[in-house]
Structures are given as structure tokens and as C-alpha cells.
Amino acid sequence: MDLLPREPAGRYLLDLTDEPSVVPEQFGRTLESYAIDLARCGAKMIVLVTAPLWQLCLSPTVGFTIRLETPDARAVLKAHLSSSRAHNDWFETDVALRDMLEAILLSDAAPGRAAELADIVKRRTPDSESQSGTIRDEFQHWESYLQEKFSEHQPNRTAGELTLRTEAISVARKRALLITVSILDGAPSEIVLNATEALLQQLDAAPDARDILIGPELTDLLRDIGADRIDDTITLTRQRPGLDQAVLERVWQERPRLRAPIRDWMEAITEENAVAAGQLDRVAEVLARLAIHLGSLEIIDIVQRWLSGSPRHRRLAIAVLERLATSQEVGAAARRRLYEWARSKTEIRLLTGVAEVCAGLLGRQSPSIAISRIRLLLSSEHLEVRTAAADALRSLAVDEAARPHVVAAVIDWSASQNPVAGQRGLLALVDPGEELTNSSVIDAIAADRELQTTLHDAWAALIADPDSRSSALQVVRRWLSCADSGTLEARFVIGLLGPAIKSGLSGEPFKTFVTEPEGSATHADLVMALITNRYPEATEPSTW
């Protein structure tokens, strides 16, 4: 509970709805004292949690727990339609449409489904004819279509063996094509066909040349699965929006033994120079949806391997991980995986990938979660990983909302949990970077006397350590450049850096530092202060 914020007049939201297990009673009891602390500083917090997760905490928090009733599905539908005047008017004036929508909700009245229905309606053109059937079918995830395409194949018992085999191969080709198009929707026909052949090979069901010659042509296959050929691309969704996702849901739920082969196939066809390498963005989107909507967290293993792949694979891997880690459905599981990776001494590109994920949307939405993983990365034995973690920490600290959490966490590490991570983190926060850009983080830390002492100790320890000396002295040189340019006060820089360098450097490294030809006026003044052992008082940090 000490890690929860207590800033004066702060406004906070703590979302526990995706917790993997029941919240322990002790949390509810300590929340009482935390509420008192918030009241003292004029701050407020809203905790979102479901009734099953909160059952143990209900008793100690009964005084400030508010039960929210499930909203009426029709009211949710109307509220979502109100964002579009044209569709709201359509709903209000078209009695047949309104009756049809309300009848649909009678069979599925969950508020989330009502919002989904509203989105489906808003994708239609108001007042267009014959909308009822397609709205209902899409809302029902094209159930009748999928039942027709995936129902058990009934062979013609009077046919000969060759005919039966040809029929079976044709059905397998159509279903493989349907799965392929659902994943590569909108791809060129050649890519779709090559990927379909690869899927059949993955399933040990590839037809031979004779079967292909006597089987149906592409036009017949596309007609049978209800796909459209537009120019040279193939799509399922022009006439049936959402059918691509519905196909995958059906396969995942009804044919679970196909999950692993399809995952392996998706990874294989999007490798560098593979048949669908150009469709990597589309496949990444499909993988993310499989994880979020169907709980197929095995796809994280694919994304993990992408982190070590080409720059494009890595970029998409980070985007998918960021999306999973911030989703309500699988966020907790994805964040646990990031934590496990950060804690492990695994390969460098995976760890730097964790740092990039933490620096993005995850860090802005849940800074404390991102910071806890960055702390582990700062303790890595690999310089490249520590550098990536430092970049992530600075990226979070630029955000004014996240900055207090970042600074408080780093100071806490220095004082108790992990001094090494604290020292490296603090130095990362006061690094102006190669561009020597203005940093409000440097002002916030360096202007605090207690933090100045902590910063001095961190710098001295990192300069004394041969493994971190080079990076620590690089930040020293950037501060000297800032003093030369006037963005930091020279007296402050010398007053803070001098004692840290004096206590951290000795012997040959000290000699090298004071004799190197910097060409910097502040460096010359610092060297004189080091030689005379007389330093100005570090008072005002910045001239910004």
C-alpha cells in the first residue's frame, strides 16, 4: 500500500477488474487507512473491481463500496447510436429497424453485446434497404454461414472410391482456403493460394498434382466459400463484415486440434522471404485478436521469437505486446510474462524489447507496473539492456503524470530495495542525452537537497565501478556541455560533480579524466576544483 500515490489533490483510478485471483481481505483493510491518508491531502481514488474479485474485501470496505447495477441493454444501444446523428435518427424513425434491434437484444442482453450491436449498425448506411438480415447475421457472428461451411462432410455413399477421395480433397481445400482468407483477408490471390497450399502441407493434407487438375478452379472455390475477388485480391469481409474473425473463432472453439498447426503455419509463412512475408502486419493483427478475444496466449511465444527477428518483426512484436499488456481481457497474463522475461537472464534483444514495451502505452497507463519491470532490467549484467532500461525510464519521466511515480520509485530503490538499480535509474533520469535537451526531470531532482546527496552517492558509486564508469562519465561530460551552453549553472555542476568524481575516481582513471583535452571551460574549472579540493556550493541547478 505504500507504493500507492498520495499527491496533494491527486485524482487516481485503480483498475483491478483483470486481477487473476480474488483480492485478499488484507488489501481491503489497509485500504481504510489509505483512504484516511488521501483525505488528509485532498486526494481521491476510484477502485474498479468486479463483485467476485472483491468478495473478501467487501466487509472491511462496506462503508465506501458502491455496487453498480448492470445497465439496460437497450439504453446502452441508444446511447452508442446517439454519437451518430444520422444513425440515431434512423433508429428513432424506422420502426422495423428498432423492433428488430430490440428483439435481438431480448436474446442477448449483455451491455457489451449492445455496444457491439450499435457498432454494427453504425457501419451501415442509414435508410439503405435490406439491412435487417445482415445486421442480425453479423451480430450472431455469421453462425448460419459457418454452420454451412464447417458442418461435418457427408460423402455420397453411392459414389466410387475416386469420386469420394476427390470430394474429400475438395472440401479440405475449401476449408483451408477459408481459413487462409480469414487470416490474410485482402491479400493478392497468388499469396492466398500459396499460403493455402502451405497450410494443407502443414496439416499433411496437401493434394497432389492430379487432384489439383481434376478439382475445382479458383473461381469455383471462392464462390463456394463466399469470398470476393476484387482486382487480384481476395476478401471475405466486403459483403460480410466481421466474417474473418468469426471463422477463426469457430475454428478455435470447435476444432482445437488445429490451433497449434495454424499458429506454426502463420509464423512460418511470415518469415523473411516466405510466401506471405508482405502480410506480416495483417497476421500480427490476427494474432493479437486471437489472444485478446479467444485467450490464445500461446501466440506470445511467436511474438517472443519476433523480438529477435527482422526490424519489422520486432516492431510488430512490440506493438502486439503493448496491446496485450494493456488489454482488459489478457492484460494480467501478458504483464506477468513481461515480468518473467525481465527477471530472467535471457537473450539481450528480448530484454530490450521489454524495455520498449514499458516505455510505451503500458508505462503511460500503468507507470508502477512498467517501472517494476524496468527496475529488473537496470540490474542486468548487459550494458545494452541497462541502456534500454534507462531510455525507458527517461521516456516515462517526460510524461508529467508518470514523473512523480518514476522519481519516487527510483529514490525508493536507492534507499532500500535495490541500490544498484536506484543509482543507475537516478543517473538515467539526469542524463540530458546526446542532444542536451531541456529536461524538467533534472530540475526536479537536482533542486532537492536530499536528492542531491542521493545523486552524489549514485554518481560516485557508478564512477568507481569499472563496469559502469564509462556511461557515468559520459553523463558527466554532457552536464559539462550543458554548463558551457548555459542550460545548467556551472557552479552547481562543479559543486555536485566534483566531490562525486573525487570519491569515485583514483589513480590512473583520475589522471586520465583531469588531463583529457576536453576543450570545455567548465571542465577546466572542474579540474581546478578537483586539484585544490575546493568546490562551490551546489545551489541553483538550472538556468532554464
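These legends go with a set of close-up views of a predicted model.

View 1. The space inside the largest cavity comes to about 60 Å³. Two elements each put two or more residues into its lining: helix 13 (243-254) and helix 15 (280-294). Helix 15 is the top contributor, with five residues. If you want to pick out the whole lining, look for Q245, L248, E249, V286, R289, L290, H293 and L294. By type, that lining splits into four nonpolar, two polar and two charged residues.

**View 2. The second largest pocket and what lines it.** This one has a volume of about 800 Å³. There are 23 lining residues, and the ones closest to the centre of the pocket are V47, V49, F64, T65 and I66. Helix 1 (25-40), strand 2 (44-48) and helix 2 (51-54) are the elements that supply two or more residues to the lining.

View 3. T180 sits in helix 9, which covers residues 161-184. Is T180 buried or exposed? With a relative accessible area of 0%, T180 falls under the 20% cut-off, so it counts as buried. Setting aside anything within four places in sequence, T180 is in contact with V192, A195, T196, L199 and W265. One of these, T196, also has a side-chain link to T180: a polar contact of 3.3 Å joins the two side chains.

**View 4. S189 and its side-chain link to D232.** S189 belongs to helix 10, residues 189-202. Its relative accessible area is 6%, so S189 is classed as buried too, the cut-off being under 20%. Which side chain makes a polar contact of 2.6 Å with the side chain of S189? That partner is D232. Leaving out neighbours within four places in sequence, the residues in contact with S189 are L218, R229, D232, T233 and I234.

**View 5. P419 in helix 24.** You'll find P419 in helix 24, which spans residues 419-429. P419 has 39% relative accessibility; that lies between the 20% and 50% cut-offs, so P419 counts as partly exposed. Not counting residues up to four places away in sequence, P419 touches W413 and S414.

View 6. How many disulfides does the structure hold? The count is zero. C57 has a relative accessible area of 0%, which means that it is buried. C482 is at 0% relative accessibility, so C482 counts as buried as well.

How values were computed
Residues numbered from 1 in each chain as written. Predicted model: local features only at pLDDT ≥ 70, side-chain atom pairs only at ≥ 80, totals over all residues. Heavy atoms only, no water. 1 Å grid on protein atoms, 1.4 Å probe; cavity = no way out; pocket = protein on both sides within 12 Å on 5 of 7 lines; lining within 4 Å. Points joined across faces, edges and corners; volume = space filled by probe spheres on them. Helix = DSSP H or I, 4+ residues; strand = E, 2+ residues; numbered from the N terminus. Nonpolar A, V, L, I, M, F, W, Y, C, P; charged D, E, K, R; others polar. Buried < 20%, exposed > 50% of the residue type's maximum accessible area, 1.4 Å probe, protein only. Contact = heavy atoms within 4.5 Å. Disulfide = S-S within 2.5 Å. Polar contact = N/O pair within 3.5 Å; in protein donor to acceptor, adjacent residues only side chain to side chain.
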